[in-house]
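Biologist: Could we go through this model together? I would like to start with one pair of residues and then move on to the overall picture.

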Amino acid sequence: MPTESGSCSTARQAKQKRKSHSLSIRRTNSSEQERTGLPREMLEGQDSKLPSAVRSTLLELFGQIEREFENLYIENLELRREIDTLNERLAAEGQAIDGAELSKGQLKTKASHSTSQLSQKLKTTYKASTSKIVSSFKTTTSRAVCQLVKEYIGHRDGIWDVSVARTQPVVLGTASADHTALLWSIETGKCLVKYTGHVGSASGDQTAHIWRYAVQLPTPQPVADTSQQMSGEDEVECSDKDEPDADGDTSSDCPTIRVPLTALRSHQGVVIAADWLVGGKQTVTASWDRTANLYDVETSELVHSLTGHDQELTHCCTHPTQRLVVTSSRDTTFRLWDFRDPSIHSVNVFQGHTDTVTSAVFTVGDNVVSGSDDRTVKVWDLKNMRSPIATIRTDSAINRINVCVGQKIIALPHDNRQVRLFDMSGVRLARLPRSSRQGHRRMVCCSAWSEDHPICNLFTCGFDRQAIGWNINIPALLQEK
């Protein structure tokens, strides 16, 4: 009888506490609703130099943030109530079942242990949900300014790759599904030379070609008006059909090269990427035949065939100062190949993605950044490859990434036509503007930084047949880091 009485008493107390919490939540909601209109009325009543449309947008955003945190607060109250209720229920049930058999000390220990386990589980869930919501508001304290400077129009099909010369003169290069590669003047947007030696889409003929051209840069023109300047978070939807007009082709009147100096022919599948090893005497290629090949440029001989990937390769990249190569693949891995010791060629396998690794690139020091179709980008330390030191999660598959080494900024081109900028710790800095007047209209395939160029320091290309030059102005935030 004493046990039953204690159980009923505990149940009544739990019921009263639930009523108290419920009343508290209703009062909180009521008071919050009464205050909802106050900030808007106060702000609207104040003098401001902001345009009315901008003020309206800001008020709406602040309202959304307030509602999000209000929901978070209510959810936290509910979780705390459930923890208290379970604690009381466990204590009551423990007494009712085991009170006749266990001593008082044993009963207390068992109930306390069960309560602790469930409480810890609920608290873990509570912290996880809180962190998830709060992290969505994580942003920088200063906005980057991203300005479209130049559009490079001349290809007649999607552009697979874009790159910037590492030595003087600094020119832009693009490779397209229209079987051509073009060199561009960054300042004027004029095509300098067209290469037509391939018989397939961007090395779809299973070969890699080396060719040479003496570049003569035209006189730079004044920079375009900055009235279209937009912050890195602005965006306006546009139609997929709104693509560059072929009539604006600037490559038809430029010089054409049809025969390469050297053709590298050891692959049995599409050559999807190529890069130069430090020193310029060797080059590495990646292919859909699941191998990467290392060639001697002067003799065109195959020096090494890098095998081990289980599926097609998607990219290859070389270290700027050391004889290191990283290859990525559809087998969800990327591999680091070390050629610093001529007698020993070691390889390390990085396993951290759940879908195709679309690219992996070197950064400063001993870090590598990888991007994947699993919608994540991961930063790795080559000295400890068991787990990444930073992970960036996005809402779309990621294509060929590129890292600005000087400012440590990662450019992420997406399938959904967006290009986002992050720092190496995973904080989002900006999103390149996209509207009916500027930006890519289709999937963005690749990005490339040109850190020393005074006008354009980021380039992107995509299936809309154009490459775009951007000026990215990052405030002093990164220098402070």
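Biologist: Is Tyr-152 buried or exposed, and what about Phe-459?

Modeller: Tyr-152 and Phe-459 are both buried. Please keep in mind that this is a predicted model.

Biologist: How many aromatic pairs are found in the whole structure?

Modeller: The search returns 7 aromatic pairs. One of them is formed by Tyr-152 and Phe-459, with the ring centres 6.2 Å apart and an angle of 55° between the planes, a tilted arrangement. Tyr-152 belongs to strand 1 (residues 145-153) and Phe-459 to strand 27 (residues 458-462), so this pair ties together parts that are 307 residues apart in sequence.

Biologist: Which residues make up the cluster with those two rings?

Modeller: Ring pairs link Tyr-152, Trp-184 and Phe-459 into a cluster.

Biologist: And what is the geometry of Phe-334 and Phe-350?

Modeller: That aromatic pair is stacked, at 4.5 Å centre to centre and 10° between the planes. Phe-334 is in strand 16 (residues 333-341) and Phe-350 is in strand 17 (residues 344-351), so the pair ties together parts that are 16 residues apart in sequence. Phe-334 and Phe-350 are both buried.

Biologist: Let us step back. What does the secondary structure of the chain come to?

Modeller: The chain has 5 helices and 28 strands. Of its 481 residues, 43% are buried. The chain exposes about 25,800 Å², and carbon and sulfur atoms supply 50% of that area.

Biologist: What share of the contacts joins residues at least 24 apart?

Modeller: The share is 53%, counted among contacts between residues at least 6 apart in sequence.

Biologist: How is the open sheet of 4 strands arranged?

Modeller: Its order is 22-23-24-25, with antiparallel pairing. The edge strands are strand 22 (402-404) and strand 25 (428-431), each of which pairs on one side only. Direction ignored, neighbouring strands of this sheet are turned by 25° against each other on average.

Biologist: How many bridges join strand 24 to strand 25?

Modeller: There are 3 bridges between strand 24 (residues 419-423) and strand 25, which run antiparallel. Arg-428 in strand 25 is the bridge partner of Phe-422.

Biologist: Changing topic, where is Val-379 placed, and what is it in contact with?

Modeller: Val-379 is in strand 20 (residues 376-381). With its neighbours within four places in sequence left aside, Val-379 is in contact with Val-368, Val-369, Pro-388, Ile-389, Ala-390, Ile-410 and Met-424.

Biologist: Why does Val-379 count as buried?

Modeller: Val-379 counts as buried because its relative accessible area is 2%, and the cut-off for buried is under 20%.

Biologist: What is the count of disulfides?

Modeller: The count is 0 disulfides. Cys-316 is in no disulfide, and the nearest cysteine sulfur, which belongs to Cys-317, is 7.7 Å away. Cys-316 has 2% relative accessibility and so counts as buried. Cys-254, at 8% relative accessibility, also counts as buried.

Biologist: What is the phi of Lys-408, then?

Modeller: Lys-408 has a positive phi of about 60°, although it is not a glycine. Lys-408 is in the loop between strand 22 and strand 23 (409-413). Its relative accessibility is 44%, so Lys-408 counts as partly exposed.

Biologist: And where does Arg-465 lie?

Modeller: Arg-465 lies in the loop between strand 27 and strand 28 (466-473). Arg-465 has a positive phi of about 75° and is not a glycine.

Notes
Residues are numbered from 1 along each chain as its sequence is written. This is a predicted model: local features need pLDDT of at least 70, side-chain atom pairs count only at pLDDT 80 or more; totals for chains, interfaces and linings use all residues. Side-chain values use heavy atoms; hydrogens and water are left out. Helices (H or I, at least four residues) and strands (E, at least two) are DSSP runs, numbered from the N terminus. Buried means under 20% relative accessible area, exposed over 50%, partly exposed in between (1.4 Å probe, protein chains only). Contact means heavy atoms within 4.5 Å. Accessible areas come from the Shrake-Rupley method with a 1.4 Å probe; for residues, only the protein chains shown count as cover. Two strands pair if DSSP finds at least two bridges between them. Axes are lines fitted to C-alpha atoms, for helices over the stretch in contact, and angles run from 0 to 180 degrees between N-to-C directions. Rings of Phe, Tyr and Trp (its six-membered ring) pair if their centres lie within 6.5 Å; planes under 30 degrees apart count as stacked, over 60 as edge-to-face and the rest as tilted. A disulfide is a pair of cysteine sulfur atoms within 2.5 Å.
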